[in-house]
Amino acid sequence: MRNHTAGTAGLHALRALARGHVHGGYVWALVMYDGELLCEQCTRENYRQLYRATTDTKTGEPDWCAIGITNSGESDDIALCADCGRVIWTGADDPTDD
Ligand SMILES: [Zn+2]
């Protein structure tokens with residue numbers, strides 16, 4: 001699936017995460033077009049590259065195209081950053097949540 005579409009949703013998500021404009025209480029991660037996740041720190045460090053890839057699909061690197069954000073409350077699985085390899089969250093272990 002290389003025909004990624006750079007939508008405004010991805011751009012809004014990228015901006016929100018880079019500026020810390022996200023809901024508190026959760027750990028947040030940027031969702032890349034291929035389903036990989038990026039931690040908040042890497043989102044800030046690579047913001048220019050992410051911005052270009054998300055807004056310009058012709059010259060931007062597809063691997064850096066953001067499609068949205070997600071948080072630790074939406075995942076039961078461990079999440080690793082695709083860039084630095086850091087554990088973003090370890091996964092929900094709420095016994096009532098299945
Ligand atoms: Zn990272």
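Which residue follows α1 with a positive phi? That would be Gly20, whose phi sits near 75°. Keep in mind that what you are looking at is a predicted model.

**Getting your bearings**

Let's start with the overall layout. The chain has three helices and five strands, and from the N terminus on they come in the order α-β-β-α-α-β-β-β. Of the 98 residues in the chain, 27% are buried. Now take the contacts between residues at least 6 apart in sequence: 62% of them join residues at least 24 apart.

**The sheet**

Three of the strands form an open sheet in the order β2-β1-β3, and the pairing is antiparallel. β2 (37-38) and β3 (66-71) stand at the edges with a single partner strand each, so one side of each has no neighbour in the sheet. If you're wondering what holds such strands side by side, strands of a sheet pair through backbone hydrogen bonds.

| Pair | Sense | Bridges | Source |
|---|---|---|---|
| β1 and β2 | antiparallel | two bridges | DSSP |
| β1 and β3 | antiparallel | five bridges | DSSP |

How many of the five residues of β1 are buried? Four of them are, so β1 is largely enclosed by the rest of the structure.

**The helix across the sheet**

Helix α1 (residues 8-18) lies across β1 and β3, and it runs at about 50° to β3. Its buried residues are Gly10, Ala13, Leu14 and Leu17. These cover an arc of only 100° around the axis, which means they sit on the same side of α1. The general rule behind this kind of pattern is that an α-helix has 3.6 residues a turn, so residues three or four places apart point the same way. And what covers that buried set? The cover includes β1, α2 (40-45), α3 (47-55) and β3.

Zoom in on Ala13, which lies in helix α1. Is Ala13 buried or exposed? It counts as buried because it has 22 C-beta neighbours inside 10 Å. Leaving out residues up to four places away in sequence, Ala13 touches Leu30, Ala66, Gly68 and Ile69. Take Ala66: it is 53 residues from Ala13 in sequence, yet the two are 7.7 Å apart in space, C-alpha to C-alpha.

In soluble globular proteins, nonpolar side chains tend to be buried together. In this model, the largest nonpolar core has 22 residues, and those with the most contacts inside it are Ala29, Leu30, Met32, Leu38, Cys65 and Ala66. The elements giving two or more residues to this core are α1, β1, β2, α3, β3 and β5 (87-89). The largest share, four residues, comes from β1.

Which residues does Met32 contact, leaving aside its neighbours within four places in sequence? They are Leu38, Cys65, Ala66, Ile67 and Ala82.

Technical notes
Residues numbered from 1 in each chain as written. Predicted model: local features only at pLDDT ≥ 70, side-chain atom pairs only at ≥ 80, totals over all residues. Buried ≥ 20, exposed ≤ 12 C-beta atoms within 10 Å, placed from the backbone. Contact = placed C-beta atoms within 7 Å. Pairing = 2+ DSSP bridges. Axes fitted to C-alpha atoms, helices over the stretch in contact; angles between N-to-C directions. Arc of directions from axis to C-beta. Core = buried A, V, L, I, M, F, W, Y, C linked by C-beta atoms within 7 Å.
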